[in-house]
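Visitor: I have not looked at this structure before. Please take me through it one feature at a time.

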Amino acid sequence: MNRVNNPILKQNETVVHRNSDRFLTAFNRIEKGLKALLIKKEMGFSRAVKVLGKSNALIKQFQDDLLEFAELRNAIVHNKTDLMYTIAEPHDSVVERIEAIEIELLKPRKVDPLFIRKVVCFQETEPLSNVLEVVNKQGITKFPVYSGNVFQGLITHKGITKWFSKGIENRLTSLLDARLVEVLECEKRDNFRFISKETSVYEAKEIFKEQIGKGNRLEALLITKEGSSNGGLVGIVTNWDIMEI
């Protein structure tokens with residue numbers, strides 16, 4: 001933290017607000033946003049963060065930062081000796097951090113448009129060789145399978161490997177001609193979830209984490225407009241994608 005006694009600084013005749021002013025502005029906006037999510041509007045900032053962090057993936061993501069910001073805010077406000085002098089002046093990196101978090105909290109990134117893309121799907125009656133051709137050409141390893149317009153399951157490289165290992169005694173050509181409905185029998189039936197386009201990237205990340213905590217590793221989140229398996233697929237978030245968030 002730096003100590004300054006000027007409400008504003010002038011650099012090359014450009015007005016620059018003090019870090020404490022920028023910090024408090026961002027903090028107050030975040031606090032207003034948190035109160036909008038609360039039933040008990042009189043709840044204090046730190047308490048609100050802890051309560052909301054239990055059910056809100058976005059707040060949970062930044063909970064430690066927000067609690068530290070609350071302590072710094074108290075130091076700035078309660079230790080101020082006059083209008084011209086602030087004892088606790090936040091470092092540039094702290095101000096940049098709270099302003100970045102403010103943007104994420106008030107306008108969180110969603111899976112749309114980050115993960116909206118053409119999803120390669122197959123019909124359950126198609127041969128496994130069709131899938132392997134796409135794997136070879138495009139490097140994709142997760143494929144939604146349908147029966148008409150009805151979703152049947154998600155085929156992955158794990159299921160394909162298991163299918164080959166089970167039929168190793170059969171001729172390779174017969175394995176490649178296997179229908180995808182047969183290969184699906186080698187897949188975990190709960191290796192996916194459907195989410196809507198409005199899901200935030202932090203909610204998506206939390207879904208993966210929650211399932212791991214339950215002993216179930218998801219392979220992908222399938223995106224539809226309303227988050228229903230009845231809707232057309234508009235995107236996909238794989239477990240590898242989520243690591244980059």
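Visitor: Which helix does proline 113 lie in?

Guide: Proline 113 is part of helix H6, residues 111-114. Keep in mind that this is a predicted model.

Visitor: What joins aspartate 112 and proline 113?

Guide: The general idea comes first. Most peptide bonds are trans. Here, the bond between aspartate 112 and proline 113 is cis, with omega about 20 degrees.

Visitor: How many helices and strands does the protein chain have?

Guide: There are 12 helices and 10 strands in the protein chain. The chain has 245 residues, and 39% of them count as buried. Among its contacts with a separation of 6 or more, 66% are between residues 24 or more positions apart.

Visitor: How do I read a sheet? In what order do strands S8, S9 and S10 stand?

Guide: Strands of a sheet pair through backbone hydrogen bonds, either parallel or antiparallel. In this case the order is S8-S9-S10, in an open sheet of three strands with mixed pairing. Strand S8 (192-196) and strand S10 (233-238) are at the edges; each has a single partner strand, so one side of each lacks a neighbour in the sheet. From one strand to the next, the twist averages 25 degrees.

Visitor: Which helix packs on the sheet?

Guide: Helix H11, residues 201-213, packs on it and touches S8, S9 and S10. The direction of H11 makes about 140 degrees with that of S9.

Visitor: In what sense do S8 and S9 pair, and over how many bridges?

Guide: S8 and S9 are parallel, with five bridges. One of the pairs links phenylalanine 194 to leucine 222 in S9.

Visitor: S8 is an edge strand. How many of the residues of S8 are buried?

Guide: Four of the five are buried, so S8 is largely enclosed by the rest of the structure.

Visitor: How many of the residues of strand S6 are buried?

Guide: In S6 (residues 142-147), five of the six residues are buried, so this strand is also largely enclosed by the rest of the structure. S6 pairs in the parallel sense with strand S5 (residues 122-123) over two bridges. Glutamine 123 has tyrosine 146 of S6 as its bridge partner. With strand S7 (residues 150-156), S6 pairs in the antiparallel sense over six bridges.

Visitor: What phi does glycine 148 take in the hairpin of S6 and S7?

Guide: Most residues other than glycine have a negative phi. Glycine 148 takes a positive phi near 70 degrees, in a hairpin with two residues between the strands.

Visitor: How far apart are the end C-alpha atoms of helix H5?

Guide: They are 21 Å apart. Helix H5 (residues 92-106) has 15 residues and, at 1.5 Å a residue, should span 21 Å, so the two values agree.

Visitor: Which residues of H5 are buried?

Guide: Val95, Ile98, Ile101, Glu102, Glu104 and Leu105 are buried. They pack against helix H1 (19-37), helix H3 (57-61), helix H4 (63-78) and H11.

Visitor: What is the relative accessible area of glutamate 102?

Guide: Glutamate 102 has a relative accessible area of 11%; buried means under 20%, so this residue is buried. Leaving aside neighbours within four places in sequence, glutamate 102 is in contact with Ala26, Arg29, Ile30 and Lys107.

Visitor: At what angle do the axes of H1 and H4 cross?

Guide: The axes cross at roughly 125 degrees and come within 11 Å. H1 and H4 are therefore oblique to each other, and their crossing is left-handed. Residues that meet there include Phe23, Phe27 and Ile30 in H1 and Leu66, Phe69 and Ile76 in H4.

Visitor: Finally, what relative accessibility does leucine 176 have?

Guide: Leucine 176, in helix H9 (residues 172-176), has 25% and counts as partly exposed. Its C-alpha atom is separated by 6.7 Å from that of proline 127, 49 residues apart along the chain. Apart from neighbours within four places in sequence, the contacts of leucine 176 are Pro127, Leu128, Ser129, Leu132 and Phe164.

Notes:
Residues are numbered from 1 along each chain as its sequence is written. This is a predicted model: local features need pLDDT of at least 70, side-chain atom pairs count only at pLDDT 80 or more; totals for chains, interfaces and linings use all residues. Side-chain values use heavy atoms; hydrogens and water are left out. Two strands pair if DSSP finds at least two bridges between them. Axes are lines fitted to C-alpha atoms, for helices over the stretch in contact, and angles run from 0 to 180 degrees between N-to-C directions. Contact means heavy atoms within 4.5 Å. The expected span of a helix is 1.5 Å times one less than its number of residues. Buried means under 20% relative accessible area, exposed over 50%, partly exposed in between (1.4 Å probe, protein chains only). Angles under 35 degrees count as roughly parallel, over 145 as roughly antiparallel, 65 to 115 as roughly perpendicular and the rest as oblique. A crossing is left-handed if the near helix is turned anticlockwise from the far one by less than a right angle, and right-handed if clockwise.
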